[in-house]
Amino acid sequence: MTVEASPTAASGETACGFVALIGAPNVGKSTLVNALVGSKVTIVSRKVQTTRALIRGIVIEDNAQIILVDTPGIFSPKRRLDRAMVSTAWSGAHDADLVCVLLDAKAGIDEEADAILNKLATVAHPKILVLNKIDLIPREKLLVLAQAANERMKFESTFMISALSGDGVADLRKMLARMVPPGPFHYPEDQMSDAPLRHLAAEITREKIYRHLHQELPYQSTVETDSWTERKDKSVRIEQTIFVERESQRKIVLGKGGATIKSIGAHSRKEIAEIVGVPVHLFLFVKVRENWGDDPDRYREMGLEFPKE
């Protein structure tokens, strides 16, 4: 698809807007945010429902600043935490200037996608259809899927991409730059994400926990960055606590002789250091916090609204 230059780029005026990414779990929203920004700002995991809050990536394209709202995957909520995440996802769609609707090209319009398309009728903002993972199915099937989705509702444009390989991402970025409204930038040009580094570091460690223990540890685990100290030698000392709900889970995270938590810490430290650009000294602790899933303070820390029921 050929995308013309933004009118704001030609005139020298700036544009800025919020773009919400809406889709089912594991459709590739976090991978797309990272591909659009060109750096890792959200965690990507094989385990669904890993994006708990509206973590924004910030993209500069031509004279436009695109603020990406990576919403939690929309699914049928069962627990209180599930309900909080789904509520946050839809509020992100209603508050944004544009909505990118992501569909897994291989899954097509399955039950989850069907429910999302039905509810999107209540969102008044312009919408862009993004078919992701196009490398997994034949082109003729892609065209049939694109037609079926466009018959369901009005999309301003349809893009076929592979967020993982980057295929089609540049064209999507240019279109988003054309569509965000005129106005001044909300963030400094060199800022990729408004997620504080402390929060981002906690997200990275949480991802490493899932990578190591994705079948052994349930979702009832969270990571908090307790301290972030910049030392005289320019390095950073970070202390984090991993909270689980039961003692049996604490033992799983620690591993035999502390081997598991050492491995988690090593991988997390390496990635945090790459992002902050200085040496990192990371210290991890594991504590049991029973029923944290029912604690309103924990939800506020994650940027979620605590569901009353």
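**Salt bridges and cores**

Modeller: Begin with helix α9, residues 259-276: Glu-274 and Lys-270 lie four residues apart in it, so about one helical turn separates them. Keep in mind that this is a predicted model.

Biologist: What do Glu-274 and Lys-270 form, and how far apart are the closest N and O atoms?

Modeller: The general idea comes first. Side chains of opposite charge can pair when their charged atoms come close. Here, Glu-274 forms a salt bridge with Lys-270, and the closest N and O atoms are 3.5 Å apart.

Biologist: Is Glu-274 buried or exposed? And Lys-270?

Modeller: Glu-274 has a relative accessible area of 56%, so it is exposed. Lys-270 is at 56% relative accessibility and counts as exposed.

Biologist: Which residue forms a salt bridge with Arg-250?

Modeller: Glu-247 does, with 3.1 Å between the closest N and O atoms.

Biologist: How accessible are Arg-250 and Glu-247?

Modeller: Arg-250 has a relative accessible area of 25%, so it is partly exposed. Glu-247 is partly exposed too, at 37%.

Biologist: How many salt bridges does the structure hold?

Modeller: Twelve.

Biologist: Now the nonpolar side. Which residues touch the most other members of the largest nonpolar core?

Modeller: A core is read through buried nonpolar residues whose side-chain atoms come within 4.5 Å. The largest one here has 26 residues, and those touching the most other members are Val-19, Leu-32, Leu-68, Cys-100, Ile-128, Leu-172 and Leu-176. The elements giving two or more residues are strands β1 (15-22), β3 (64-70), β4 (98-104) and β5 (127-132), with helices α2 (29-37) and α6 (169-179). Helix α6 gives the most, five residues.

Biologist: What is Leu-32 in contact with, beyond its neighbours within four places in sequence?

Modeller: Leu-32 contacts Leu-21, Leu-102, Ile-161, Ala-163, Val-169 and Leu-172.

Biologist: Which residues does the second core include?

Modeller: Among them are Val-101, Leu-120, Ile-134 and Ala-149. That core is separate and has 21 residues.

Conventions: Residues numbered from 1 in each chain as written. Predicted model: local features only at pLDDT ≥ 70, side-chain atom pairs only at ≥ 80, totals over all residues. Heavy atoms only, no water. Buried < 20%, exposed > 50% of the residue type's maximum accessible area, 1.4 Å probe, protein only. Contact = heavy atoms within 4.5 Å. Salt bridge = Lys/Arg side-chain N within 4 Å of Asp/Glu carboxyl O.
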